[in-house]
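User: I would like to go through this model and ask on what grounds each label was given. Please set the value against the cut-off each time.

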Amino acid sequence: MKILYICDKLITFILNEIIELKKQGHDVLILSEGSRRIHDVITEPILLKNGLDRTYHRFHRFESRKQKYLCFVQTLISDFFTGPLRTVKAFICVLRNYPDPKYGVADYLDVRVFFDSGIDVIHSPFSTPRMIDKVYLLSKTLGVPFTLCFRAHDIYHADNSYEAEKRIDAIMKASKIITIADYNRRHLKSITAMDESVEIIHSAINPGFFKPEDIERSPNSIITAGRLTDEKGIIYLIEACHILNKRKISYECTVIGEGPEKDKYKKLVDELKIPGIKFIDFLPAGEIKEHLNRSTVFVLPCIIAPDGKRDILANVLKEAMAMRLPVITSNICGIEELVDDGINGILVPPQDPEAIADAIEKVLKHPELGRAMGAEGRKTIEEKFNIKIEALKLENNFSNAVNHTCS
């Protein structure tokens, strides 16, 4: 099959899906807004290493509105002479489905490069309102089936739920609607007419890459990693370290990542004079793996941020679990689908540094418990969050979409 991925951000776990589909023999094209900030560090090398740079197209950027509209008119005229029926269908779709024509113009210029690509199916791995519009425009123009996957910010951030409801007619025309957790499926059902046909395909990792080496771990090393934003709840880990210090419990805490809250966290550490906390800038996966391999426990005390942002079964938790680390995280947002409290990790109430400190202390004082949880965590990832298994589910949905259209 020739599969087109359309997304606003090309994040590592989406690339992992694409790479796995390529391994299964499929031709995968990519249209993305392009990597930004820290994602530049990882996206370009992965694209180059896997030959995806030749199938990767960026969204158009223009210096002015005048330049954009001039390009649109010239392109539309040219396309009309090479494919009049197709061009008219696309133009009608823009007129009917875009209250603000500037978005329709931009989407047309983005997707037209695929008009003669022989695409079999279109997939949106992050179905933000803008991506739904873009996917639907191309699908309608070419008569090609499309599938949508909803993850986290595309559902919960800002007014995305409201905007999704406005696009319910387009959403329900998808050959398949996918999400990454039952927590999401219940939410989608509550805001739309979607029924139990919404399929769960987990956002997954490669346990063959995240595989621990047989080396001695530090006895008191706490680690966390990810983008330093409100919803990660790292401030509560810092406060938990302050409590551990007051209890005279020895620890080392490493915070890996960058983001808008980083300066705030550093300031809090300085103000409270909390020892043993080290901040490290963003690292590629291989170097994060090395840190995970040496650590005792992974902590990610997620919260629901004031703007609605939240993590849904965060991939960094899965990476830590694959590395046989016990994990401590908040009991919110369906996390029990990944972490079985007391079996492969510990769940704590959100925004509760005292409970986080208690959980860390328990793991540090009982290393045999940490090892047992780590072993169970590895098993969970291999069986339920394995990229090879989840990519096969995606492939099956794509095949069904194509076969249904052809029949």
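User: What makes strand 12 and strand 13 a pair?

Analyst: This is a predicted model, and the labels are computed from it. Strand 12 (residues 327–330) runs parallel to strand 13, with four bridges between them. Pairing requires at least two bridges, so the two strands count as paired. One of the bridges has I328 with I346 as its partner in strand 13.

User: Which way do the residues of strand 13 point, and are they buried or exposed?

Analyst: In strand 13 (residues 345–348), G345 and L347 point one way, while I346 and V348 point the other way. All of them are buried.

User: Why is G342 called partly exposed?

Analyst: The relative accessible area of G342 is 39%. Buried would need under 20% and exposed over 50%, so G342 falls in between and is partly exposed. G342 sits in the loop between strand 12 and strand 13. From T141 it is 201 residues away in sequence and 52 Å away in space, C-alpha to C-alpha.

User: What about Q351 and K248: why is Q351 called partly exposed, and why is K248 called exposed?

Analyst: Q351 has a relative accessible area of 49%, so it is partly exposed, given that exposed means over 50%. K248 has 75% relative accessibility and therefore counts as exposed. Q351 belongs to the loop between strand 13 and helix 15 (353–365), and K248 to the loop between helix 11 and strand 9 (252–256). Phi is positive, near 60°, in Q351, and likewise near 60° in K248.

User: What makes strand 3 and strand 7 edge strands?

Analyst: The open sheet has seven strands in the order 3-2-1-4-5-6-7, with parallel pairing. Strand 3 (56–58) and strand 7 (199–200) each have a single partner strand, so one side of each lacks a neighbour in the sheet. Within the sheet, strand 5 (residues 146–150) and strand 6 (residues 176–179) run parallel and are joined by four bridges. L148 is placed opposite I177 of strand 6.

User: How do you know that V88 can belong to a surface patch?

Analyst: V88 has 35% relative accessibility and counts as partly exposed. A patch residue needs over 30% relative accessible area, so V88 passes that cut-off. The patch is nonpolar, covers about 560 Å² and is made by V73, I77, F80, F81, V88 and I92. V88 lies in helix 4. Helix 3 (65–82) and helix 4 (84–97) each supply at least two residues, and helix 3 gives the most, with four.

User: Why is helix 14 called mostly covered?

Analyst: In helix 14 (residues 315–322), eight of eight residues are buried. Each of them is thus under 20% relative accessible area, because that is what buried means. These buried residues pack against several elements, including helix 1 (12–23), strand 8 (221–225), helix 13 (285–294) and helix 16 (367–384). After helix 14 comes R324, with a positive phi near 60°.

User: What makes R151 and E17 a salt bridge?

Analyst: Their side chains meet at 2.8 Å, N to O. The cut-off is within 4 Å, so the pair qualifies. R151 lies in the loop between strand 5 and helix 7 (153–156) and E17 in helix 1, so the pair ties together parts 134 residues apart in sequence. Both R151 and E17 are buried. The structure holds 25 salt bridges.

User: Which residues touch the most other members of the largest nonpolar core?

Analyst: I222, I277 and F298 do, in a core of 134 residues. Helix 11 (residues 234–246) gives the most to this core, with nine residues. Among the residues that I222 touches are L237, C241, L244, V297, V299 and I360.

Definitions and conventions:
Residues numbered from 1 in each chain as written. Predicted model: local features only at pLDDT ≥ 70, side-chain atom pairs only at ≥ 80, totals over all residues. Heavy atoms only, no water. Buried < 20%, exposed > 50% of the residue type's maximum accessible area, 1.4 Å probe, protein only. Patch = residues over 30% accessible without salt bridge, like charges linked within 9 Å, V, L, I, M, F, W, Y side chains within 5 Å. Areas by Shrake-Rupley, 256 points an atom, 1.4 Å probe, with all protein chains shown as cover. Core = buried A, V, L, I, M, F, W, Y, C linked by side-chain atoms within 4.5 Å. Contact = heavy atoms within 4.5 Å. Lists of a residue's contacts leave out its neighbours within four places in sequence.
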